[in-house]
Amino acid sequence: MNLLFIGDVVGKSGCDFLAKKLNQIKRDYNIDITVVNGENSANGNGITKASAESILNCGVDVITTGNHAFKRRESMEIYDNDAIIRPYNYPDGCIGKGICVLDMGMCSVAVVNLMGTVYLDPLDNPFTAVDEILSQLDTPNIIVDFHAEATAEKKAMGYHLAGKVTAVFGTHTHVQTADEAILEEHTGYITDVGMTGPENSVLGVSVKPAVDRLRFRFPVRFSEAEGECFLNGVVINFDNKTGKCTKIDRIIIR
């Protein structure tokens with residue numbers, strides 16, 4: 001079975017580029033399941049009903065999120081949709097779910113969303129949380145989106161879950177890393193999948209205000225960058241009977 005995971009979609013231009021390219025990617029790689037991180041898909045970051053619908057209407061099966069899951073007030077209602085999940089390790093009582101289980105007929109595939117706590121909000125411990133999840137799931141096919149800032153935390157999670165899940169995909173930092181691997185001959189891993197949106201940008205933001213903010217340390221209004229977009233993602237092949245990842249490939253579509 002082939003699964004496509006696409007890195008953080010940024011703003012309307014990212015959503016539009018996804019819509020333009022996704023069908024061809026799915027044909028080229030014979031994709032069975034598509035998962036997209038959509039937490040920055042609304043203009044100005046966050047996710048809204050409109051941006052979520054734009055992503056789902058492309059043919060996406062599951063949308064994951066992260067620290068901007070609740071950035072927009074109008075995002076609260078979207079989590080009634082089982083295909084849109086937020087990090088599992090938000091405190092008990094938080095709206096939404098952290099797991100989506102897809103019934104593929106011949107098997108089921110669980111998509112799990114977790115968020116790191118190094119340099120991010122002090123949520124519940126993601127390592128403890130994922131151990132709890134593994135004790136509950138009855139499928140070997142488990143895909144984890146680990147939305148985290150620190151590369152060390154992502155690498156640690158990869159090794160913590162090696163041999164236990166099908167894949168661990170890092171998101172959040174918007175820069176695709178070149179360390180894709182299969183850990184313990186079982187678990188596909190990459191530290192960061194990257195982003196989908198304007199390539200000539202600072203993580204999707206217009207260059208000048210981003211540079212000014214860092215150079216002069218005064219408040220600036222960020223805006224979505226313009227220009228040509230690219231799409232970052234990974235494609236894995238896995239055995240749906242054992243959950244074992246047999247191949248992982250980075251992709252960049254311009």
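Colleague: Where does His172 lie?
Modeller: His172 is in the loop between strand S8 (167-171) and strand S9 (181-183). Keep in mind that this is a predicted model.

Colleague: Is His172 buried or exposed?
Modeller: Buried, because its relative accessible area is 13%.

Colleague: What does the side chain of His172 make a polar contact with?
Modeller: One partner is the side chain of Glu149, at 2.6 Å. The side chain of His147 is joined to that of His172 by a polar contact too, at 3.1 Å.

Colleague: And which residues does His172 touch, not counting those up to four places away in sequence?
Modeller: Asp8, Glu39, Asn67, Leu120, His147, Ala148, Glu149 and Asp192.

Colleague: How many residues of S7 are buried?
Modeller: 6 of the 6, so S7 is largely enclosed by the rest of the structure.

Colleague: What does S7 pair with?
Modeller: Strand S6 (residues 108-115), in the parallel sense, over 6 bridges. Within that pairing, Phe146 in S7 stands opposite Leu114.

Colleague: What about the loop between helix H3 and strand S7, which residue lies there?
Modeller: Thr139 is one to look at: its loop runs between helix H3 (126-136) and strand S7 (142-147). Thr139 has a relative accessible area of 8%, so it counts as buried.

Colleague: What does the side chain of Thr139 reach?
Modeller: The backbone oxygen of Ser108, at 2.7 Å. The Thr139 side chain also reaches the backbone nitrogen of Asn141, at 3.1 Å. Leaving aside residues up to four places away in sequence, Thr139 touches Ser108 and Ala110.

Colleague: Which strands does S1 pair with, and in which sense?
Modeller: S1 runs antiparallel to strand S12 (residues 229-239), with 5 bridges joining them. With strand S3 (residues 33-37), S1 pairs in the parallel sense over 4 bridges.

Colleague: What are the bridge partners of Leu4?
Modeller: Val235 in S12, and Thr34 in S3.

Colleague: Switching to charges. How many salt bridges does the structure hold?
Modeller: 8. One of them is between Asp192 and Lys154, where the closest N and O atoms are 2.8 Å apart. That pair links distant parts of the chain, 38 residues apart: Asp192 is in the loop between strand S10 (187-190) and strand S11 (195-198), and Lys154 is in helix H4 (residues 151-161).

Colleague: Are Asp192 and Lys154 buried or exposed?
Modeller: Asp192 is buried, with a relative accessible area of 1%, and Lys154 is buried as well, at 2%.

Colleague: Which side chain meets Lys155 in a salt bridge?
Modeller: That of Asp179, at 3.6 Å from N to O. Lys155 is in helix H4 and Asp179 is in the loop between S8 and S9, 24 residues apart. Lys155 is partly exposed at 32% relative accessibility, and Asp179 is partly exposed at 23%.

Colleague: And what does Glu199 meet in a salt bridge?
Modeller: The side chain of Arg254, at 2.8 Å from N to O. Glu199 lies in the loop between S11 and H5 and Arg254 in the segment after strand S13 (244-253), so the pair ties together parts that are 55 residues apart in sequence. Glu199 is partly exposed at 34%, whereas Arg254 is exposed at 56%.

Colleague: Which residues form the nonpolar patch on the surface?
Modeller: Val175, Val202, Leu203, Val207 and Val211, with about 350 Å² of accessible area together. Val211 is in helix H5 (residues 207-216) and is partly exposed, at 39% relative accessibility.

Colleague: Last one: what is the phi of Asn30?
Modeller: Positive, about 50°, although Asn30 is not a glycine. Most residues other than glycine have a negative phi. Asn30 is in the loop between helix H1 (11-28) and S3, and is exposed at 54%. Arg217 also has a positive phi, about 65°, and lies in the loop between H5 and S12.

Methods: Residues numbered from 1 in each chain as written. Predicted model: local features only at pLDDT ≥ 70, side-chain atom pairs only at ≥ 80, totals over all residues. Heavy atoms only, no water. Patch = residues over 30% accessible without salt bridge, like charges linked within 9 Å, V, L, I, M, F, W, Y side chains within 5 Å. Areas by Shrake-Rupley, 256 points an atom, 1.4 Å probe, with all protein chains shown as cover. Salt bridge = Lys/Arg side-chain N within 4 Å of Asp/Glu carboxyl O. Helix = DSSP H or I, 4+ residues; strand = E, 2+ residues; numbered from the N terminus. Buried < 20%, exposed > 50% of the residue type's maximum accessible area, 1.4 Å probe, protein only. Polar contact = N/O pair within 3.5 Å; in protein donor to acceptor, adjacent residues only side chain to side chain. Contact = heavy atoms within 4.5 Å. Pairing = 2+ DSSP bridges.
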